[in-house]
Amino acid sequence: MLEVRELHAWYDESHALHGVGLDVGKGEVVTLVGRNGAGKSTTLKSIVGIIRKKRGSIRLHDEPIERQPSHRIARMGVAFVPEERGIYAGLSVMENLTLPPVVGASAWPLERIFALFPRLRERARSPGTTLSGGEQQMLAIARALRTGPSLLLLDEPTEGLAPSIVKAIRDLILEIKRDGITVLLVSQNVRFAAKVSDRHYLMVNGRIVESLANAQVIDREHELLEYLGV
Amino acid sequence: MLLTATRLVKEFAGFRAVDGVDLRVPAGATLAIIGPNGAGKTTLFNLLSGFVKPSAGSIAFNGNDITELDAASVARLGLVRSFQITSVFPHVSVRDNVKIALLAKHPQARSFWDSASAADFLDEPADALLDKLRLSAHADRLAAELPYGRKRALELAVTLALDPLLLLLDEPTSGLGTEDVDPIIELVAEAAQGRTVVLVEHNMNVVERLAQHVVVLQYGKVICEGSYASVHDDARVVEAYLGGIDA
Amino acid sequence: MIARAAALDRRIALALALGALALGLLLPHVLYVGLATDIVIWALFAAAFDLLLGYTGLLSFGHAMFFGGASYVAGLLILRAHWSFFPAVAAAVLAATAIAALVGAIAIRRQGIYFAMITLAFGQMLYFLANQFGDWTGGQDGLQNVQRPTLIAGIRLDNDTLLYYIALAAAVLGVASVLRVVNSPFGRVLSAIRENEPRATSLGYRTSAYKLVAFVLSGALAGLAGALFVIAHRFTSLDTLDWHTSGEVVIMTVLGGIGTVFGPLFGAPFYLIINDRLSTLTTSPGLVLGIIFIIVVSVFRRGMIGELVYALRRRRHVEHVAPGA
Amino acid sequence: MGAGYLALQIFNGLVSGAYFALLSLGLAIIFGMMRIVNFAHGAMYMLGAFGAYLAAKYLGLPFWWALVLAPVAVGLLGALFERTLIRRLMPLDPLYNLLLTFGLALVIEDFMKLFFGTQGTPYAMPAGLSGVIDLGITVYPIYRLAVIAISTLVCLAVWFAIEKTPLGAKIRAATENPQLTEAFGIDVSRLTTFVFAFGVGLAGLAGVLAAPTTNVTPVMGSDIIITTFAVVVIGGMGSIKGSIFTGFIVGIIAALGAVLYPPIANTLIFLLMAAVLIVRPTGLFGAPEGQR
Amino acid sequence: MKRAVVAIGAFVLCTSMTAAMPAPAGAENPVIIAVVNDQSKVYADLSGQGTVAAVHMAVEDYGGAVLGRSIKVLSVDHQNDPALGANKAHELYEQDHVDAIFDVPTSSVALAVAGVAGADHKILFVTTGGTDALNMGQCNKYTFHYGYDTYALAQNTGKLITEQGGKRWYMITANYAFGQSMLANFSNAVKSAGGEVIHNDMVPFPNTDFSSYLINAQAMNPQVIGLMNAGDDTVNAMKQINEFGIKKRMEVGIGLLFESDIAALGPDYWSGSTITVGSYWNLDDKTRAWAARYKKRTGKMPTWVMMGNYSAVTQYLDAVARAKTDDADAVVKQLEGYKFEDVFARHAYIRAQDHLLIHDMYVAKIKPASQVKEPYDFLQIVKTVPGEDSYRPLSAVTCHL
């Protein structure tokens with residue numbers, strides 16, 4: 001359902017992506033792994049249209065979207081959970097949650113979200129950034145799910161979070177997968193990625209250098225860790 | 001101790017980016033601060049260099065209390081930082097970038113009634129520094145026109161021009177391709193001779209090769225410190241980086 | 001950051017300097033001398049303004065306070081104390097310097113749009129104060145009948161052509177000062193601050209002190225222009241302090257090209273000649289000049305001289321110059 | 001001068017405060033979203049007053065209609081400027097848009113002079129509000145009470161709309177992080193146009209309110225904008241609440257100053273500004289630099 | 001490069017096109033007169049293009065020639081900017097060989113241009129500018145003050161209202177030279193007629209909000225509110241006086257008012273107020289005939305200063321004819337002390353001692369809209385005051401020409 005070909009992208013004047021190509025099939029969970037600065041986040045931001053200075057083709061449901069403004073792409077069913085989580089300090093938890101318009105039939109109703117994350121109901125009227133890091137991540141994912149996306153872009157959902165929360169996020173992604181939502185995940189946490197993903201792309205210096213099956217990732221964990229510079 | 005930070009706290013609108021950090025940097029040491037994104041490394045850097053005032057705690061440098069000092073004064077005491085995103089002075093030539101840094105120590109910087117040639121005496125030291133950082137070939141180009149790797153070298157050159165007692169380097173290799181990393185490591189290692197260096201770094205290889213001492217930050221707190229080897233194998237560090245889903 | 005042409009090539013700078021000087025020597029022969037004198041005075045004013053906007057990146061919308069303030073000081077000294085040319089001009093420049101130091105100390109703590117608004121408001125404050133102290137300033141009537149002072153013992157400046165060349169000489173000196181400041185080590189530091197202030201701070205530069213000095217220098221030179229104004233016109237009025245005057249110098253500088261020193265020297269005649277001619281052709285000079293200004297800001301952001309310099313540079317190394325700006 | 005008399009003058013200050021509040025609120029909304037200061041705000045105020053005049057003259061519409069229609073018309077014109085001119089300069093330093101709107105202000109003012117001359121155009125007091133009521137100390141025009149009421153009401157409504165409604169949430173979100181908000185499926189560019197139009201519409205509304213009490217001329221906007229800038233500097237471009245509050249407070253202080261020592265009336269606001277800046281460079285409600 | 005070419009090209013084109021405007025000169029050696037006034041700012045409607053039309057009318061009525069030489073009319077917009085006004089005046093006199101300049105509203109510009117006229121030894125008629133500095137402290141040999149001054153306004157308006165029972169005056173004065181001189185003259189006139197000024201507010205100029213002063217005025221309960229200001233300030237003050245319902249309870253003494261100001265608000269706002277004018281289009285058959293011709297020509301009704309300018313130009317041309325030269329000194333001699341009568345000036349002469357036109361002035365009441373029968377039919381003349389009684393007596397003249 002997502003097809004990226006020969007994607008080049010620029011941050012200001014620096015050339016960040018050098019011909020990225022990848023495919024994500026319907027219902028798949030696919031991870032981009034790679035070191036900081038390899039271009040993983042840039043790839044997501046290019047897909048969702050935040051980065052405008054780019055060349056190449058991006059097709060969603062067989063429609064070209066590389067020239068579309070980002071709000072159109074979102075309305076075509078792409079939901080984005082950015083690395084910094086994108087919780088607005090000026091909006092309450094409830095406002096944060098209900099900000100993006102519902103675009104798909106599979107939208108999670110608020111009751112389902114609150115059933116899963118009771119804290120969000122409790123804190124509904126407080127400013128979004130007064131939540132803890134883990135709660136903010138939950139809010140960010142819940143916000144995306146409420147729109148009913150067909151493709152969910154998750155950027156480093158586990159970064160800086162306590163193990164128990166990472167587990168909860170793992171469970172959540174698996175639940176999303178059961179719902180049939182396609183997920184493109186960025187993560188440096190290869191163990192986490194191996195738990196939730198079907199396939200992996202390894203990115204280096206703005207290129208995809210390797211496509212890995214799940215089993216390969218687990219086998220080559222130490223090699224990958226070295227590679228990621230950890 | 002050349003630099004001592006005590007119970008350093010920085011709060012942004014209810015969020016503690018740096019939460020009670022103690023830091024001791026002996027003269028001549030090279031120390032690395034590592035930690036996952038959002039751990040508070042850059043905020044700590046801004047605190048140490050005077051760009052941000054701490055909410056609580058104190059910083060002493062070379063016998064001076066610099067907690068309340070403005071950034072320029074901190075730099076004048078010999079604590080000089082670099083920046084993560086390099087641009088230095090983009091529309092100024094490479095040589096002039098270095099000269100502007102060298103000029104900071106001379107009264108001519110303030111004399112607006114000197115002719116353009118009044119700073120010529122700095123050409124020689126500037127060229128020497130450029131030579132040392134292998135930038136001589138680019139001396140007359142605008143900084144903005146340099147390739148990325150050379151920009152990082154220029155950033156280092158500008159910082160070194162002040163001959164600082166303590167060098168704060170913010171991710172000196174970030175965004176560099178593997179082929180560019182090694183020369184920068186060499187340059188930093190060379191610069192660290194007879195100097196104190198604190199660097200923030202993501203790349204563990206770089207940390208391993210440069211730092212004698214590593215401090216690991218998470219959630220704005222120091223979770224672990226010690227030699228590279230001891231830190232690398234510390235379960236808490238692995239967990240901080242990997243999320244420790246198996247735990 | 002406000003776009004400006006990068007440092008001028010020596011050859012281009014020389015050509016522009018000669019061009020401006022030629023224009024200056026030619027002016028009184030093609031225009032009536034009053035307008036020519038005004039052009040020289042405003043060119044100096046605009047060049048002084050560009051020292052601040054072009055080289056420090058600070059947009060002041062209150063530069064009339066130096067221009068007008070100095071014109072009143074010089075005017076009063078000549079009118080009431082019969083001072084001669086040099087002492088009166090010197091005192092006026094000093095007064096402008098003092099105003100700039102005072103206002104600058106407060107305004108310089110903010111930048112960008114805030115700085116523009118604060119200077120605008122301070123300028124207007126001086127306008128109202130001058131309006132208020134009518135006993136001294138003549139209020140709405142302005143200072144009238146300011147006789148031309150003596151230049152040196154025995155020589156009165158009554159001859160308009162003589163006065164023109166005196167003004168031209170002063171303007172040349174003023175612009176030369178701007179050039180010297182811009183190219184001095186201090187000027188280099190200023191550009192550095194403009195390009196990347198945090199980096200300059202991290203090198204130990206107290207950037208606000210540098211900006212303040214630039215502000216004061218710019219104010220002092222604007223004061224020189226103001227002093228010449230009252231002498232040339234034999235009067236001064238609140239219009240010299242009005243915010244429209246600040247706006248006019250902004251327009252001239254932008255039309256000529258920000259950060260070029262020479263741009264304003266061409267922007268000023270362009271503006272003044274058009275305004276002068278329009279005042280006999282239409283009743284809406286502001287409409288025409290406003291539209292020209294909007295086009296320049298929208299399309300030719302570098303201004304006339306800026307675009308020229310940019311094009312010449314670009315021809316030399318096409319591949320390196322960053323797009324946009 | 002009794003306490004009652006002073007109270008009445010304070011009350012009177014609320015009237016000029018009502019205009020300042022509407023104008024600085026409009027500036028603040030635009031600034032919040034777009035980071036630009038609209039120099040043409042005074043011209044929009046003037047156009048609002050002329051809108052009321054034209055509506056009365058050519059369409060025979062009474063004041064109450066003008067109160068709604070003129071700001072809408074001004075807003076639409078603002079939207080046109082935003083789409084065609086201001087937008088192009090948005091990626092650049094905000095100073096460019098300051099310059100652009102400065103040019104716009106000149107052009108609009110002169111354009112209006114071409115058609116309406118400079119002497120002013122008559123605009124009568126709305127019939128239902130033309131009387132005075134006795135406030136004990138002396139009589140006071142009903143219309144001025146209406147100005148205070150309308151301005152306060154509008155300011156509160158705008159505050160409520162921005163702080164408490166879904167549309168307001170979108171605006172706040174776009175203010176905080178436009179790119180991300182766009183990626184959440186919200187058409188930020190259309191929202192920006194709307195916000196700009198709405199901000200200048202508030203200036204237009206202030207203009208309509210001013211039409212019955214001041215001479216309606218093309219130059220009426222160019223002086224009030226400078227004073228409004230001073231108000232904004234005093235308040236600091238911090239918050240919606242701050243701009244409303246500062247607007248009213250400055251109105252009161254200026255009115256009191258004018259009575260106690262008339263010659264200072266014009267200068268007072270600027271002196272106040274200087275004093276505030278010395279103590280708080282960011283203004284009364286301004287966030288410290290760097291965070292904003 | 002293309003952009004630079006466009007930019008520079010535009011510059012050269014614009015400046016050269018505008019700079020190359022033909023300088024009026026030529027073999028035929030015409031007599032040249034110029035109107036220097038505000039054509040784009042606040043006083044544009046009061047005088048502006050309307051005066052230019054009136055001046056053309058005067059020249060045509062004179063036959064388009066004097067001394068066998070054609071008469072040429074130039075006009076310049078001084079934008080209320082003294083610098084521009086003085087510059088242009090100097091250019092007109094020296095480069096365009098203009099013999100006389102007319103009109104020049106706004107005190108600051110009028111004084112600046114008067115300075116130029118004095119220095120260049122060329123003739124200037126100030127008609128719309130009212131400050132009495134022109135015929136007092138800053139008078140000069142080549143400047144004529146033609147139409148009215150603040151003293152005459154006070155002598156008529158101030159005296160009449162006080163004599164009719166308006167004894168207690170509350171003054172609202174624009175704090176600048178014009179307002180101050182009007183205040184001084186009105187205060188004297190009020191006192192000499194047995195009244196008193198109980199309070200004065202020195203209001204910054206310009207000002208749009210008068211409500212604080214009006215509240216104050218009501219608290220002090222005067223019989224007359226005196227507006228010692230002009231133009232926009234007077235219009236704003238009057239609008240707010242109506243708003244506060246003050247006009248119903250006390251008289252409003254207006255220092256200076258023109259037909260264009262009345263039109264700005266509509267007559268009802270002003271009705272019942274007393275003002276002084278130097279002439280009026282609806283005075284008699286002569287003025288009505290003139291106004292009809294003016295209206296036919298321009299489509300608008302004239303203000304009385306436009307009539308004043310018509311008269312000034314006519315008298316100037318006549319003086320040139322009498323002097324048989326356009327040499328300024330000779331023409332000044334012809335003008336000084338000359339007695340005449342025309343559509344504008346009745347029982348008129350130019351006083352040699354201060355170059356002030358002494359002529360009949362008219363005190364008028366403003367009619368309510370219900371009595372206005374045709375456009376600009378605003379005034380009911382209640383008294384005609386001879387020039388000798390209107391203007392400052394010879395004994396009080398301080399001018400040294």
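Reader: How many salt bridges does the rule find across the interface of chain C and chain D?

Author: A salt bridge is a side-chain nitrogen of Lys or Arg within 4 Å of a carboxyl oxygen of Asp or Glu. Across the interface of chain C and chain D the count is 0. This is a predicted model, in which local features need pLDDT of at least 70 and side-chain atom pairs count only at pLDDT 80 or more, while totals for chains, interfaces and linings use all residues. Side-chain values use heavy atoms, without hydrogens and water.

Reader: How is the size of an interface often given?

Author: Often as the accessible area lost when the parts come together. Here chain C and chain D bury about 4,100 Å² between them (1.4 Å probe, summed over both), with 77% of it on carbon and sulfur atoms. In chain C, the residues that lose the most area to chain D are Ile113(C), Met117(C) and Trp243(C), together 15% of what that side buries.

Reader: Which element gives the largest share of the side of chain C that touches chain D?

Author: Helices are DSSP runs of H or I with at least four residues, and strands are runs of E with at least two. H5(C) gives the largest share, 14 residues.

Reader: In what order do the strands of the open sheet in chain E stand?

Author: Two strands pair if DSSP finds at least two bridges between them. The order is S12-S13-S14, with antiparallel pairing. S12 and S14 of chain E each have a single partner strand, so one side of each is left without a neighbour in the sheet. Between S13 and S14 of chain E there are 2 bridges; Ile350(E) has Leu357(E) as its bridge partner.

Key. Residues numbered from 1 in each chain as written. Chains lettered and ligands numbered in written order. Buried area = accessible area lost by both parts, 1.4 Å probe.
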